[in-house]
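My entries follow the order in which I looked.

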Amino acid sequence: MERYPVSIKSVLFSPAQEVVLLLNERNEWELPGGRIERGETSEQCLIREISEELSLEVSVGKLLDTYLFEVIPGKHVFIATYHCVLAGPFDPKVSHEHKHIGLFPAHRLPDNLPQGYRASIERAGSPDQPGA
């Protein structure tokens, strides 16, 4: 049986109702989040990852989607996306893990954003209501 790494991702909106994205080393935009650690819940993973990647506090809402994503040819990761809302001030600081932060209106997402993330953003619904 083949096993895949698991990555937990967040659809998070800024106070201006823009989607928060991060530019990775492959020059693709991605949702904040990352690999779940042994003993963590999905919610704990997102709270930790968003704190590490953006220095932000969030509240984790509803599960939006799960799917198998081919990161690069032949390398797959199981993705679970959740809708999150800010639980503190919005003053993001990008960690060494990413090149840039981007804030995008949900109707004008960048071209180099994988389709699975786009679908999760659509499923998130209202920026103010997790899992609406």
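**Entry 1: a charged pair.** I am working from a predicted model. I began with lysine 9 and glutamate 30, and both are buried. I then checked how they meet. Lysine 9 and glutamate 30 form a salt bridge, with their closest N and O atoms 3.5 Å apart. Where do the two residues lie? Lysine 9 is in strand 1 (residues 6-12) and glutamate 30 is in strand 3, so this pair ties together parts 21 residues apart in sequence.

**Entry 2: other salt bridges.** How many salt bridges does the structure hold? I noted nine. I looked up two others. One of them joins the side chains of glutamate 25 and arginine 26, at 3.2 Å from N to O. Is glutamate 25 buried or exposed? Glutamate 25 counts as exposed because its relative accessibility is 57%, and the cut-off is over 50%. Arginine 26 has a relative accessible area of 30%, so I logged it as partly exposed.

Next I took glutamate 52 and arginine 48. Their salt bridge has its closest N and O atoms 3.3 Å apart. Both residues sit in helix 1 (residues 42-54); they are four residues apart, so about one helical turn separates them. Glutamate 52 is partly exposed, at 39% relative accessible area. Arginine 48 counts as buried, at 17%. I followed the shared partners from there.

**Entry 3: aromatic pairs.** I asked how many aromatic pairs there are. The count comes to two. Tryptophan 29 and phenylalanine 104 make an edge-to-face pair, 5.1 Å centre to centre with 75° between the planes. The label is edge-to-face because 75° is over 60 degrees. Tryptophan 29 lies in strand 3 (residues 29-30) and phenylalanine 104 in strand 7 (residues 100-104), so the pair ties together parts 75 residues apart in sequence. Tryptophan 29 is buried, at 12% relative accessible area. Phenylalanine 104 also counts as buried, at 17% relative accessibility.

I turned to phenylalanine 69 and tyrosine 117. Their aromatic pair is tilted: 6.0 Å centre to centre, 45° between the planes. Which parts of the chain does the pair link? Phenylalanine 69 is in strand 5 (residues 58-72) and tyrosine 117 is in helix 2 (residues 115-124), 48 residues apart. Phenylalanine 69 is buried, with a relative accessible area of 15%. Tyrosine 117 is buried at 3% relative accessibility.

**Entry 4: aspartate 65.** I stayed with strand 5, where aspartate 65 lies. Is aspartate 65 buried or exposed? Aspartate 65 counts as buried because its relative accessibility is 17%, and the cut-off is under 20%. I looked up what it touches. Leaving out residues up to four places away in sequence, aspartate 65 touches Ile79, Ala80, Thr81, Ser120 and Arg123. With arginine 123, the side chain of aspartate 65 has a polar contact of 2.9 Å.

**Entry 5: the surface.** I finished with nonpolar side chains. Which residues form a nonpolar patch on the surface? They are Tyr4, Val6, Leu68 and Phe78, with about 290 Å² of accessible area together. I checked one member. Phenylalanine 78 is in strand 6 (residues 75-86). Its relative accessibility is 31%, so phenylalanine 78 counts as partly exposed.

Terms used. Residues are numbered from 1 along each chain as its sequence is written. This is a predicted model: local features need pLDDT of at least 70, side-chain atom pairs count only at pLDDT 80 or more; totals for chains, interfaces and linings use all residues. Side-chain values use heavy atoms; hydrogens and water are left out. Rings of Phe, Tyr and Trp (its six-membered ring) pair if their centres lie within 6.5 Å; planes under 30 degrees apart count as stacked, over 60 as edge-to-face and the rest as tilted. Buried means under 20% relative accessible area, exposed over 50%, partly exposed in between (1.4 Å probe, protein chains only). A polar contact is a pair of N or O atoms within 3.5 Å; within protein, one must be able to donate a hydrogen and the other to accept it, and residues adjacent in sequence count only if both atoms are side-chain atoms. Contact means heavy atoms within 4.5 Å. Patches are made of residues with over 30% relative accessible area and no salt bridge: like charges are joined within 9 Å, nonpolar side chains (Val, Leu, Ile, Met, Phe, Trp, Tyr) within 5 Å. Accessible areas come from the Shrake-Rupley method with a 1.4 Å probe; for residues, only the protein chains shown count as cover. A salt bridge is a side-chain nitrogen of Lys or Arg within 4 Å of a carboxyl oxygen of Asp or Glu.
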